[in-house]
Amino acid sequence: MKFFADTADIAEIRDLAATGLLDGVTTNPSLVAKSGRSSFVELIADICEVVDGPVSAEVAAIDFETMLKEGRHLAQIAPNVAVKVPLTPAGLKVCRTLANEGTMVNVTLCFSAAQAILAAKAGAAFVSPFVGRLDDIGQNGLNLIAEIVEIYNQYPAFTTEVLVASVRNPIHVVESARMGAHVATMPPAVIRSLANHPLTDKGLSQFVADWQKTGQDILSQELPKRG
Ligand code: G3P
């Protein structure tokens with residue numbers, strides 16, 4: 001499963017990229033507003049310098065003509081830009097047009113399996129079903145991931161990757177991975193939380209304490225010359 005960071009905070013992106021575990025980045029207008037950056041295009045260019053994998057940059061317009069112009073503009077920032085469009089009839093039309101031009105498209109705001117089928121038919125590189133927002137209204141977001149993965153698996157001609165979005169916790173990540181979803185995009189805090197386990201902390205404290213009892217230092221010990 002690929003891990004994308006769902007943030008427009010360049011410092012966070014740099015920090016996560018340095019772990020070697022980051023495969024891409026997703027942004028949206030809300031995250032861009034939160035970043036406080038005054039040039040969206042510059043922000044995306046900065047992110048693309050740090051991350052080799054897909055970087056989603058969302059169009060702002062909602063009509064076909066302007067979305068297409070914005071998408072073409074954003075696609076020129078770097079080869080790894082994935083233009084993000086909303087799952088609307090106009091957005092799907094933009095998706096098909098950009099996909100035909102060789103641009104990666106991420107179709108976002110997907111809340112049903114029917115919508116996900118349309119995204120695949122429109123040639124999307126990624127479809128973004130929002131699990132957390134479905135959970136928020138009392139539905140089961142992970143059921144949607146199961147449905148989409150099941151459907152896409154029936155049609156090898158569908159090349160669209162399921163990008164699980166609106167991820168709020170490690171369960172969303174683990175369950176999506178069990179279903180075979182291709183990507184999870186997560187806020188940095190969720191990515192970091194994946195490493196946490198109280199027994200890891202407890203076990204490590206014990207090992208550190210026991211090692212101290214040996215009085216040894218690994219780096220000061222010469223390597224044996226054998227054979
Ligand atoms: O980028 C889309 C998405 O991941 C939004 O997440 O937490 O605002 O529902 P959230």
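Analyst: Let's begin at the ligand: one of its oxygen atoms has a polar side-chain atom of Ser166 at 2.7 Å, a polar contact being a pair of N or O atoms within 3.5 Å. Please keep in mind that this is a predicted model, with local features needing pLDDT of at least 70 and side-chain atom pairs pLDDT 80 or more, while totals for chains, interfaces and linings use all residues. Residues are numbered from 1 along each chain as its sequence is written, and side-chain values use heavy atoms, without hydrogens or water.

For Arg133, a side-chain N or O atom is 2.6 Å from one, and for Arg168 the distance from a polar side-chain atom is 2.9 Å. By itself the ligand would expose 310 Å², and the protein buries 83% of this (Shrake-Rupley areas, 1.4 Å probe). Others around the ligand include Asp6, Asn28, Lys84 and Phe130, each with a heavy atom within 4 Å of it.

Now for the salt bridges. The whole structure has nine of them, each a Lys or Arg side-chain nitrogen within 4 Å of an Asp or Glu carboxyl oxygen. In one, Glu101 pairs with Arg72, with the closest N and O atoms 2.4 Å apart. Because Arg72 belongs to helix 4 (residues 64-75) and Glu101 to the loop between helix 5 (89-100) and strand 5 (104-110), this pair ties together parts 29 residues apart in sequence. Helices (at least four residues) and strands (at least two) are DSSP runs, numbered from the N terminus. Glu101 is partly exposed at 40% relative accessibility, and Arg72 is partly exposed at 36% (buried is under 20%, exposed over 50%, partly exposed in between, with a 1.4 Å probe and protein chains only).

Two further bridges lie within helices. Glu175 and Arg178 come to 3.3 Å at their closest N and O atoms; they are three residues apart in helix 9 (residues 170-179), so about one helical turn separates them. Here Arg178 is exposed at 65%, whereas Glu175 is partly exposed at 26%. In helix 11 (residues 198-214), Lys213 and Asp210 are likewise three residues apart, about one turn, and their closest N and O atoms are 2.8 Å apart. Lys213 counts as exposed at 67%, while Asp210 is partly exposed at 31%.

Finally, Glu12, Asp15 and Arg192 are joined in a network of salt bridges.

Definitions and conventions. Polar contact = N/O pair within 3.5 Å; in protein donor to acceptor, adjacent residues only side chain to side chain.
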